[in-house]
Amino acid sequence: MATLDDAPLAKPYRPPVVAPGHTPATVTDKISSVVLQRTPKWWYPAFGISFLLLMILLMAMTKLFLTGIGIWGVNQPIGWGFAIINFVWWIGIGHAGTLISAILLLLRQEWRTSINRFAEAMTLFAVACAGLYPVLHLGRPWLAYWLLPYPNTMGLWPQFRSPLIWDVFAVSTYATVSFLFWYTGLVPDLATLRDRAKHKLAKILYGIPAMGWRGSAKHWHNYEVAYLLLAGLSTPLVLSVHTVVSFDFTIGIIPGWHATIFPPYFVAGAIYAGFAMVLTLTLPLRAAFGLQDFITQRHLQNMGKVMLATGLIVVYGYAMEFFFAWYGGNHYERFAFLNRATGPYRWFWASLLLCNFLVPQLLWIRKVRSSPFGLFFVSMFINVGMWLERFVIVVTSLHRDFVPSSWGMYRGTIWDWATFIGTIGLFLSLLFLFVRLLPLISIFEMRTLVPDAKGSSTEMPR
Amino acid sequence: MDSDHGVKGKCGVEASRRPEAGAPLDLEELRERLRRKRGPELWRSLEELAGTPEFADMLHREFPRQASEWPEGVSRRNFLQLASASLALAGLTGCTKQPIEKIVPYVRKPEQLIPGKPLFFATALTHGGYATGVLAESHMGRPTKIEGNPDHPASLGATDVFAQAAVLTLYDPARSQAITHGGRTTTWSAFTTELGEQLRAQEALGGTGIRLLTGTVTSPTLAEQIQQLRTRFPRMAWHRWEPAGERQSFVASLRAFGRPVETRYDFTKADVVLAIDSDVLTRSAGSTRYQRDFASRRYVRSNQPRANQPQQPVSRVYCVESLPTNTSTVADHRLQLAPADVEAFVLALAQGLGVAGGAPQTLPQKAVEWLKAVTADLQAAPGRSLVVGDEYLSPAMQVLLHGINQRLGAVGSTVLYSEPVEVDPVDHLVSLTGLVQDMNAGRVEILVMLGVNPVYTAPADLGFAAALAKVPLRIHHGLYEDETSERCHWHIPAAHELESWGDARAFDGTVSIIQPLIEPLFEGKSVHELLALLAKQPGVTGYDIVRQHWQPLLGGDFEAAWHKALHDGLLPDTQAAPAGVAVAGGAVQQAAAEVAGSVARTRAQQDQVRLCFRPDPTIWDGRHATNVWLQELPKPITKLVWDNAVIIGPVTAAKLELAHEEPVEVTWKDRKLRAAVWVQPGVAPGVASLSLGYGRTRKGDGDQDEEKTGQGFNAYALRTSDALWTAPGVTIRGLGGRYVFACTQNHHAIESGIQSISPQGEISEDSEVRKASEEAERRHILRVGTLREMRADPDFIEKEGEEPPAEMTMYPRYEYKGHAWGMAIDLNVCTGCSSCVVACQAENNIPVVGKEQVLRGREMHWLRIDRYFYGDFEEPAIHNQPVPCMQCENAPCEVVCPVAATSHSDEGLNDMVYNRCVGTRYCSNNCPYKVRRFNFLRFSERESPLYRMLYNPDVTVRMRGVMEKCTYCVQRIEQAKIESKVESQPIPPNRLQTACQQACPTQAIAFGDINDGEWDVTRWKADKLNYAMLEELNTRPRTTYLAKVRNTHPAIDAIEAIEQRGAAERTDDGHS
């Protein structure tokens, strides 16, 4: 992976992380203006549509709570459908944020700076969407709190052997740490906004979460320690969350679920999906806000490379699943994978390969990697492909398992789609609020990347 | 039920009955109706109670009719006067004095009644006139469950599906709930008054104009009453029409013996059975008993006999058939032949045995070899062999079978002839035709129809409905307002058999007294009470009528004998007398010639299909059309629910270029019916079947929701009097499109890309049905072997699977010190009759979900019967496998539940704690046997309040969002444990039975404490045939199976082996 280290060897030309000609002041002006200037015209329809979609979610949830999950397509034997597919999909998307923020930070990948804030926010929103599903998909959602270990008159703990309980811990921890990490990183920028805001109300509203940040050396010191600690904390989470999510399947005995390769390949898949989603969202926003100077060719190329690498890991996972189904000699496994490729859901599987394997190979080409259009094209395929992957895992494994009399078919209903589209609405609504109200690129970190800043008194907070 | 009155009226469904505009609201009638409402649905609300069109009309208007009828030119002054008066009067309602109603506890408790403890009453339920002795379970006065009466010869403790579902009919909200005249609610006294007048007029004429129409009658009391009626009206006539009655058997018996004779079989003595297109095990009057007898010779498990019977050699059963039957699922060999070939086969058999002459028949090569083997086998066991057909064979074929059985020496041993059980047996078709002629000729003044629905069920060519319109007074008595009652002046609601006194005879003639368990819910009248009215004995109760009949007959100490008869549920020594009859030789020759003619005719019409009408396996002739348990009970073999279908084989489908589920037009002579086809493996070429009872236009009151009452196609519209069971040449024309059938097993044939019937009539490899069967065989889910294999290697079944060592688990092994409950199911004798499924539903308050939800794969049955096709898929052997919860010791469901809602008891039960369940459905996903059922919607809450009376109070009713599954009837286990504690005695072995086990006619299920060697289940599990489904998963199921072992004939075995190898090669090619 590319680094910024000045190595003695002659390197191919790499585009800079910040476009030339910027000073710390212009960086601040440019980024904070996104928030402080008048709302751009396009924002209203964009947010409006997202909000309408969010209303669909409310409607779908109301219907769901009143009627029961029978409005969805789940049945016997396919007890899990869209809800779990979407849960895993959203959680996967939520991985890019932490990876970019924490792991790349620890690996001193400076190019991460211009996308980390945005990616972290996206993580939070994706986790919020994901977090809805496990509750919605319960037969009796009003009893969801029974999954928490709390002292109660029934004298009962949750059942700790169940991966669903592990999920509760994994996801809630992830959500909490991600939020703290994102918020901590925001504090200096909130102070900047507080200082630059003209409106009284804005000053107050930015001032409160800025927690009295004045940029003193002590503040910077504390900040750096906290940020580094949180980065250290989140790093294992990147691996653990999707590992635990994959346990939902691997602990089950259903052929197609019960596989040891799931944790690594789920994590790789999550990063893959996360980067695809970051690109999907960044590319239009970058154009809309004119941030080409901060999100440069360099970022696009690097993200393309990460996608290519993780995508190949995922494809390796697919290959290994089939290999072990054959090599293991277990009839049920063999049947499950044969059924995956040749059964009634074979088109889903074929589309999955197209989206996750064939199309991303375009990223080998530098031209594609550095073209916003090419990247957008590929990342949309990956978004769909990762959704299909979860569909294939959840549905095709369940629909024909051990006892052939109980085989069945699954199809999402209009309410399944409404819920899914509704969470997209929730995600986009939060996102548009975020880009309008908070700096979507870390101002103070960007300032350190301006060539002038190198070696100056403000060190990169490491 | 209640609200539907309003809805119906509003929608204008009954627009014809809506009163003329301006007719005043009949408050009198309303009060009357209100007075008649009683029972559990008391005080819902006035509107609901008064389900009259007037009321609906009133609801429809913004103001009551009276209020809106302003006189012309209302002045402001008038308006204000009225308005102030209304205001003043409105206040007055507050002054109404509430009526004083006292509630009183039991001062003296009724004898025997202990709250919370059920009582069992011996009674009988009839089906098609024939009785089955049952024990009805009553909880605090509510009948909740039917069990078989172990002392009754037609039951021996088991039941069929109809008896199990009878309690649901009792509480069916669609039952008619009031006497109606011209569709308007009226009173019994109004009826008696009018009828009295009419009858007096008839008296002078000797009753020439009076006609009775009933189904098959076996009731001695009813017979006597009709006799009495004849003394009052000597010229009255009594007609019979039982739509699914045994009319062809009757004709055959006349032809063979010259008089009506009842044919019974004794399967216990039969070493060799040849069944010809026979569903005698599940579709005849004695089928529950036959199944028991049949099974008694089919137990291969070593540790039988039960109860000191000497172990008899296992019988050998051959089935030759064109339509798959339950009988063939337990046969050793099944030969699938086109209808003409079946007839030719029987004729050739008769010729081979020297019973009949005539030209030799040409048969397919396989059938020829079969015939050789079967003939030899039958002849080798003289007096211990049996050739059995059933009602649906043509009379000529049945005569041939009588002749064959006589030649085989079966008569008196395996075949028993007795005097008829039916009172005054007649040819029902002739009887009904006579009635229609009389009606058309205007000779019928009063027609009383008792428990029949001839407008719907009469042969289409008779024109019954048109003839009926010519009768001046038409009275219908029945449980439901139906197609017939719509065209009658009077409809009298009938009392259910659980509500009324009566008597009836079983298939062998044994008499049972029917006693009521509950007062009629809707003031229904029993048939006896109605006849008493005709005989000018108004006000006599059913109780008195039945007692008066038996008083002189029981003699001696009548009270003691009566009491005993009620207690035992039968009158001893009342079997029908044996009939010493012999087949007339000429009759057989004539029959042989007729069959030969039929064969030739059928073979000449290659392009036509023989359409067979059959009573539906679950809703019979349509009488159970509103019984939702039976509607949602998967029909054996097809596994269809809520519908009937034109069932054809793949070859026929290919030939006629029909797709699975394609709508078709069936033409028989000049009659047409639009229906849809269901392509079923196991159906021979050139034959189609369509079951009766569907496509009804009026199925009773209340819930007329199509989804809830089933749709289907009216077979009666094609069924003419010359083709009661078989329409020899129909044309079936595809209409394109798709009719959606709901099926509970491998329904997704189309979606999975089957369709795929090749031009040769082969069902494609992709077909889910086919793949499922092949996989089941490969996975050793349902294990089948032969006796020869077993003798060569007793462990051969065990060797099919691979049980992992017990220590292969992370968790410490639990020692079950007390009871350890387990179950074993003997696949060898499971006929797939499905009694167990309904019994489970009744016992465990299992909701019904409707066709649409079944289509989504959400049926709730805790116990299902899986069906697989083994061997050559074009001519498969069909197998059944009942699947309840396996109660795994290493249960995969338990580990994954996040809230511990399913956990293990110290007796090895995999308990489901409904209260704790949050509904993640992970347990169901992780269940390899897929036996868990989830309440996706409010399945239980949606049900009618009447159905709530039916609930077993010992079983929780589950709410939406909760998982449920088979509990091994844990409530019964707890009951037994409490009793044993009270009595300080251990639970006596084999005393405790699960609901499915108790209902099973073939005793295919054993349940009990596997820690105790005294229980049958422990012995079964020790058998070499015992295996666990998917044992390699190390789930350690407590439910295990005894493999199916076929007692094959070596010669036929060889033919089949060759075929199977061919099939296997084909399959392997497909997969390699």
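Which residue in β2(B) stands opposite B:Leu119? I found B:Ser138 there.

Before going on, I noted that this is a predicted model, where local features need pLDDT of at least 70, side-chain atom pairs count only at pLDDT 80 or more, and totals for chains, interfaces and linings use all residues. Residues are numbered from 1 along each chain as its sequence is written, while chains are lettered from A and ligands numbered from 1 in the order in which they are written.

**Strands of chain B.** Helices (H or I, at least four residues) and strands (E, at least two) are DSSP runs, numbered from the N terminus. Two strands pair if DSSP finds at least two bridges between them. I saw β1 (residues 119-127) run antiparallel to β2(B), joined by nine bridges. Their hairpin has two residues between the strands, and B:Gly128 in the turn has a positive phi of about 60 degrees.

On to β3 (residues 142-148), which is antiparallel to β2(B) with six bridges. Here B:Ser138 has B:Pro143 as its bridge partner. Two residues also separate β2(B) and β3(B) in their hairpin, where B:Met140 takes a positive phi near 50 degrees.

I then checked burial (buried: 20 or more other C-beta atoms within 10 Å of a residue's own; exposed: 12 or fewer; partly exposed: in between; C-beta atoms are placed from the backbone). Strand β2 (residues 130-139) of chain B is largely enclosed by the rest of the structure, because eight of its ten residues are buried.

**A cis bond.** I found the peptide bond from A:Gln76 to A:Pro77 to be cis, with omega near 10 degrees. A:Pro77 lies in the loop between α2 (43-67) and α3 (82-93) of chain A.
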